[in-house]
Amino acid sequence: MSVTDYEALATTAGRELEEATPQEILKWAADNFGKRFCVTSSMEDAVVAHLASSVFPGVDVVFLDTGYHFAETIGTRDAVAAVMPVNVITLKPLQTVAEQDAEYGPNLHDRDPDLCCSLRKVEPLNRGLGGYDAWATGLRRDESPSRANTPVVSWDPKRRKVKLAPIARWTQEDVDAYVAANGVLLNPLLWEGYTSIGCSPLSCTAKPGEGESGRAGRWAGSGKTECGIHL
């Protein structure tokens with residue numbers, strides 16, 4: 001299929017699968033793309049990986065190891081690889097943290113978080129998705145205003161790939177119910193008051209305050225709301 005064909009396929013599927021279950025959306029991807037389809041996971045939880053593995057055992061689960069992760073996040077990745085029927089693939093930036101510090105100075109995440117995310121998240125993902133025609137994320141519409149209109153299937157024009165958000169219509173209550181019913185692995189930090197888990201520096205991930213939204217602890221006080229992967 002050509003890029004134009006894939007774009008048309010994604011646009012049509014976005015309409016036709018709007019009311020579909022996450023499993024139906026992921027089955028559509030598996031049927032249409034096979035091994036050229038992957039799931040991405042931040043290892044905040046393994047919900048989308050678990051859903052995908054239920055319809056496509058052995059599915060590739062792509063994880064970005066930024067070099068700044070909490071130990072608990074790396075542990076969740078290792079547990080997912082050990083107990084779930086998935087193929088975990090770890091992507092790394094072109095530079096180690098030490099090499100980045102040598103070129104840009106230490107604590108780039110505090111001084112220029114957009115550049116740090118670009119170097120340690122966006123570029124590695126773009127490179128890692130080169131062998132796929134479609135990829136799935138765990139984006140949900142209830143997470144933030146910037147995600148409120150997330151389609152369940154869409155065309156990713158920057159990467160020229162089909163993009164899925166199979167749980168876009170789910171609420172946190174839906175996620176919690178699925179986790180409880182299926183014993184899905186969760187990052188232990190969720191039990192410590194974190195509600196959205198990214199890199200470990202305080203400027204990147206903090207516990208939200210009382211009454212704040214789930215993603216309020218990400219880049220708190222900076223005006224930044226996304227790492228750039230989904231922009």
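**Reading a sheet and its helices**

Me: In β2, which residue is the bridge partner of Val39?

Reply: The bridge partner of Val39 in β2 is Val61. This is a predicted model, in which local features need pLDDT of at least 70, side-chain atom pairs count only at pLDDT 80 or more, and totals for chains, interfaces and linings use all residues. Residues are numbered from 1 along each chain as its sequence is written, and side-chain values use heavy atoms, without hydrogens and water.

Me: In which sense do β1 and β2 pair?

Reply: Strands of a sheet pair through backbone hydrogen bonds, either parallel or antiparallel. Strands are DSSP runs of E with at least two residues, helices runs of H or I with at least four, numbered from the N terminus; two strands pair if DSSP finds at least two bridges between them. Here β1 (residues 37–40) and β2 (residues 59–64) pair in the parallel sense over 3 bridges.

Me: In what order do the 6 strands form the open sheet?

Reply: The order is β3-β2-β1-β4-β6-β5, with mixed pairing. The edge strands, β3 (86–91) and β5 (153–156), each pair on one side only.

Me: At what angle do helices α5 and α7 pack?

Reply: Axes are lines fitted to C-alpha atoms, for helices over the stretch in contact, and angles run from 0 to 180 degrees between N-to-C directions. Helix α5 (residues 97–104) and helix α7 (residues 113–128) pack at about 140°, their axes 12 Å apart.

Me: Which residues of α5 meet α7?

Reply: Contact means heavy atoms within 4.5 Å. Val97, Gln100 and Tyr104 in α5 meet Leu115, Cys116, Leu119 and Arg120 in α7.
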